[in-house]
Amino acid sequence: MSRHAWKRSFASNWGNSMHNWERTTLGAICESSGGGIQTGPFGSQLHASDYVQDGTPSVMPQNIGDNRIDPTGIARVSASDIARLSRYTLRAGDIVYSRRGDVERRALVRTDNEGWLCGTGCLRVRIGDQRRYDSRFVSYALGIPESRKWIKRHAVGATMLNLNTSILSAVPLLIPPISEQHAIAEVLQALDDKIAANDQIIAKVKDLLAAEFVSLQENSENELVPIGELVELNPKVQKPDAKEPVYLDMRNLPDQTMTVTSWSRRSPRGGARFQNGDTLLARITPCLENGKVGYVDFLMGDEVGLGSTEFIVMRPRKGIPTVFPYFLATDATFREFAIKRMVGTSGRQRLSAGDIVSFQVRRPSERDLARFSELSDALMGRVKAAVDETRALATARDELLPLLMSGKVRVREAEEIVEGVV
C-alpha cells in the first residue's frame, strides 16, 4: 500500500479499535507495573573528578538522542561507583529523559545499555512487569507530538526548561491491549533498527577517514603551512536564486555525525552562504566547544544555502579533498587552538575566521592527497546513501507514529509501508 493510500484510509479505520484502549498516565503505568520514576544521582553524589577513562558508561543529557542512547564521548565511572550508586543503574526497557534543556527528548534503554548508569541530570522511567505494558510502545507513545508538547508545556523554568518526577508522572497516555502494543512497537522498531544500522555505517566511515587524516598530519617530512594555503575561510558566494533557499540554524548543525541531515527554508536574508563540499564550523560558545561541525552534501547542483551568522564556512582549495576541512575542523589539536582564541564576555564568546588563519597544518604530498581523495570520495558516497535512506525511514516513522498511536492506521497497513522502505 502506498503512503497516499494509507493516508486516505484514516476515516474508515478511526474508532474501529479504540473502544478497548486505556486512558492513563505514565506514573500510573509505572506504579501498577512495579516500576517508578526517579532522578539520577545529584552532583554531590557523583563529581566530575570521579569519571574514569575505562569504566561503565554514565548516560548524560547529551547522550540522549531520538529514542536511542548515543554513546559518543560518553562519560564513564568506576566499578566502585557503580556499586555505590547501584540504585541508579539502567535495565533494558527503561526510558531516560533529560531533566533540563531539551526535555522532550527521551531514549529507550536497549540490551546493549544494560547495567549503565542513569547519570547526573537525567530521569529514569522504569516499567516493571511488561505483561501489561510494553516499554517500547510507551517510549514511542511519549514521542508523539501531543506528548512532546504536553511535557514542554508543563515543564518549569523561564530561561531553561526543567523536568521532575511529578511532571513526568502526570503525562497522559492512551494505551491499547498488550498484543497491539507489541505489534505497533515491532513495526516502529524495524524502522529504528534500520536507522541505527545506517548510523553505524556513518560512524565507521567517520572513524576511518579521521584516522586517515591523522596519518596525513603525522608525516614530519611534510612542510608546515598556514591553514589558508589549503582551506579557504568564508569564501565569497553568490546570493541564492531560490525565493526560499535552504536555511540552516545552529540546531541543524550536528555535533556527533558528519553530515547535515535536517534543514528548513526561508526568504533570503543575511548569514553564511555555502555550497556542497563546504564544512560549517560553529564559532560561538558553547557550540564550538560541543563540537558542532557539519559537512554539506545535500544541496542540488550549484544551489546556494544560507546559514547562521555564527558559522565559519571552510572550503578546500584546488587539489584538496572536499572532506579535508571537515576533519581539520574536528581534529583535537585544531579545536584546542580555536577554543583558546575565542573572545568576548562570559557565555557569549566567539571565534572569527581571522583568529584561526594562522593555524598551521602539514601539507600532504600529492600522492597522499590523491589517495585520501579517492578513499574519501568512495566512502562519502556510502555515507550520502545511508543518510538519504535514514531521512526517508525517519519520515515514514514520524508519519506513522501518531497514526498508529491513535488507532487511525492499523498495524497490518503500517507493516506494508515498512516493508516498502526497509
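User: What is the relative accessible area of Arg 265?

Analyst: Arg 265 counts as partly exposed. That class lies between buried (under 20% relative accessible area) and exposed (over 50%), with a 1.4 Å probe and protein chains only. For Arg 265 the value is 46%.

User: At which pLDDT do side-chain atom pairs count?

Analyst: Residues are numbered from 1 along each chain as its sequence is written, and side-chain values use heavy atoms, with hydrogens and water left out. This is a predicted model: totals for chains, interfaces and linings use all residues, local features need pLDDT of at least 70, and side-chain atom pairs count only at pLDDT 80 or more.

User: Which residue forms a salt bridge with Arg 265?

Analyst: A salt bridge puts a side-chain nitrogen of Lys or Arg within 4 Å of a carboxyl oxygen of Asp or Glu. By that rule the count is 27. Here the N to O distance is 3.5 Å, and the partner of Arg 265 is Glu 303.

User: How many residues apart in sequence are the parts that this pair ties together?

Analyst: Helices (H or I, at least four residues) and strands (E, at least two) are DSSP runs, numbered from the N terminus. Arg 265 lies in strand S13, while Glu 303 lies in the loop between strands S16 and S17. Glu 303 is buried at 18%, whereas Arg 265 is partly exposed. The pair therefore joins parts whose separation in sequence is 38 residues.

User: Which residue makes a salt bridge with Glu 310?

Analyst: Glu 310 is buried, with a relative accessible area of 12%. Its partner is partly exposed at 25% and sits in the loop between helices H10 and H11, 40 residues apart from Glu 310. The closest N and O atoms are 2.8 Å apart, and the partner is Arg 350.

User: Which residue pairs with Arg 148 in a salt bridge at 3.8 Å?

Analyst: Arg 148 is in helix H6, and its partner is in the loop between strands S3 and S4, 82 residues apart. Arg 148 is partly exposed at 21%. Its partner is also in a salt-bridge network whose members include Arg 106, Asp 192, Arg 397 and Asp 398. That partner, at 3.8 Å N to O, is Asp 66.

User: How many disulfides does the structure hold?

Analyst: A disulfide needs two cysteine sulfur atoms within 2.5 Å. The sulfur of Cys 122 is 5.2 Å from its closest cysteine sulfur, in Cys 118, so it is too far for a bond. For Cys 30 the closest is also in Cys 118, at 13 Å, again too far. The number of disulfides is zero.

User: Which residue in S8 is the bridge partner of Tyr 97?

Analyst: Two strands pair if DSSP finds at least two bridges between them. Strand S5 pairs with S8 in the antiparallel sense over four bridges. Strand S2 also pairs antiparallel with S8 over four bridges, and there Ile 37 stands opposite Val 125. The partner of Tyr 97 is Leu 123.

User: Which residue in S18 is the bridge partner of Ala 282?

Analyst: Both faces of strand S15 are covered, with Leu 280 and Ala 282 buried on one of them. S15 joins S16 antiparallel through three bridges. It pairs with S18, also antiparallel, over four. There the partner of Ala 282 is Phe 311.

User: How far apart in space are Met 300 and Gln 275?

Analyst: Met 300 lies in the loop between S16 and S17. It is exposed, at 65%. Gln 275 is 25 residues away in sequence, and the C-alpha to C-alpha distance is 9.1 Å.
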